[in-house]
Amino acid sequence: MLPLRPFGCPRRAILGSAEVALWGLKLIKGSCHNFCTAIFKDVTYKELKNLLNSKKIMLIDVRETWEIVEYGKIPGSVNIPLDEVGEALQMNPKDFKEKYNEVKPSKSDSLVFSCLAGVRSKKALDMAISLGFNSAQHYAGGWKEWVTYEFSEKKHGN
């Protein structure tokens with residue numbers, strides 16, 4: 001309980017406490033904004049296909065390099081393992097290009113993160129949003145879903 005003396009009277013103490021509570025709520029709202037907006041940033045298989053065809057996104061596969069080598073990757077994706085994402089998104093453009101052989105995305109560019117089944121890509125999405133990449137999304141179905149759809153499309157001749 002806050003002492004009443006510093007505010008001069010009980011009424012002022014209540015108002016002071018209310019101001020502190022309001023300030024706290026504003027902080028929560030500010031930090032919640034990133035969390036709340038991230039909830040609605042999932043991309044479906046069809047949306048990802050269209051985005052890749054439009055060439056208006058950078059698809060970042062956050063699986064380990066050995067997973068890409070062993071199982072394959074979504075065409076057009078760039079491999080940046082999850083434990084490198086935060087550092088990579090903060091690199092200077094020259095170092096990024098040198099390491100990943102791609103132009104470093106700006107904070108306003110559209111990014112989509114993918115992995116095997118959506119767990120790591122969601123972590124990468126949260127990290128990117130916290131760094132100011134507000135147009136970032138993630139493909140929750142990941143490589144597992146992609147392969148299923150691609151196999152099905154090829155099998156049915158689509």
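Is Glu150 buried or exposed? At 14% relative accessibility, Glu150 counts as buried (buried is under 20% relative accessible area, exposed over 50%, partly exposed in between, with a 1.4 Å probe and protein chains only).

## Model and conventions

This is a predicted model, in which local features need pLDDT of at least 70 and side-chain atom pairs count only at pLDDT 80 or more, while totals for chains, interfaces and linings use all residues. Residues are numbered from 1 along each chain as its sequence is written, and side-chain values use heavy atoms, with hydrogens and water left out.

## Overall fold

The chain has seven helices and four strands, taken as DSSP runs numbered from the N terminus (helices H or I, at least four residues; strands E, at least two). Along the sequence their order is α-α-β-α-β-α-α-β-α-β-α.

Of the 158 residues in the chain, 33% are buried. Among contacts (heavy atoms within 4.5 Å) with a separation of 6 or more, 58% are between residues 24 or more positions apart. The accessible surface comes to about 10300 Å², and carbon and sulfur atoms hold 60% of that area; such areas come from the Shrake-Rupley method with a 1.4 Å probe, and for residues only the protein chains shown count as cover.

## Salt bridges

Five salt bridges are found in the whole structure, each a side-chain nitrogen of Lys or Arg within 4 Å of a carboxyl oxygen of Asp or Glu. One of them joins Glu150 to Lys49, with 2.9 Å between the closest N and O atoms. Glu150 belongs to helix H7 (residues 142–155) and Lys49 to helix H2, so this pair ties together parts that are 101 residues apart in sequence. Lys49 has a relative accessible area of 24% and is therefore partly exposed.

Glu84 and Lys99 form another salt bridge, at 3.6 Å from N to O. This pair links distant parts of the chain, with Glu84 in helix H4 (residues 82–89) and Lys99 in helix H5, 15 residues apart. Glu84 is partly exposed at 25%, and Lys99 is partly exposed at 48%. A further salt bridge, between Asp126 and Lys122, has an N to O distance of 2.6 Å. Both residues lie in helix H6 (residues 119–130), four residues apart, or about one turn of the helix. Asp126 is partly exposed at 33%, as is Lys122 at 24%.

## Largest pocket

The largest pocket has a volume of about 190 Å³. A pocket is an open set of points on a 1 Å grid over the protein atoms alone, with protein on both sides within 12 Å along at least five of seven lines, where a 1.4 Å probe fits; lining residues have an atom within 4 Å of a point. Grid points are joined across faces, edges and corners, and the volume is the space filled by probe spheres set on them.

Lys49, Leu52, Asn53, Lys55, Ile57, Leu59, Ile74, Pro75, Gly76 and Trp146 form the lining. Helix H2 gives the largest share, three residues. By class, the lining has six nonpolar, two polar and two charged residues (Ala, Val, Leu, Ile, Met, Phe, Trp, Tyr, Cys and Pro are nonpolar, Asp, Glu, Lys and Arg charged, and the others, Gly among them, polar).

## Individual residues

Lys55, in the loop between helix H2 (45–54) and strand S1 (58–61), has a positive phi of about 55° although it is not a glycine. Lys55 is exposed at 71% relative accessibility.

Ser114 is in strand S3 (residues 111–114) and is buried at 1% relative accessibility. Leaving out residues up to four places away in sequence, Ser114 touches Leu59, Ile60, Asp61, Val62, Arg63, Ile74, Ser121 and Tyr139.
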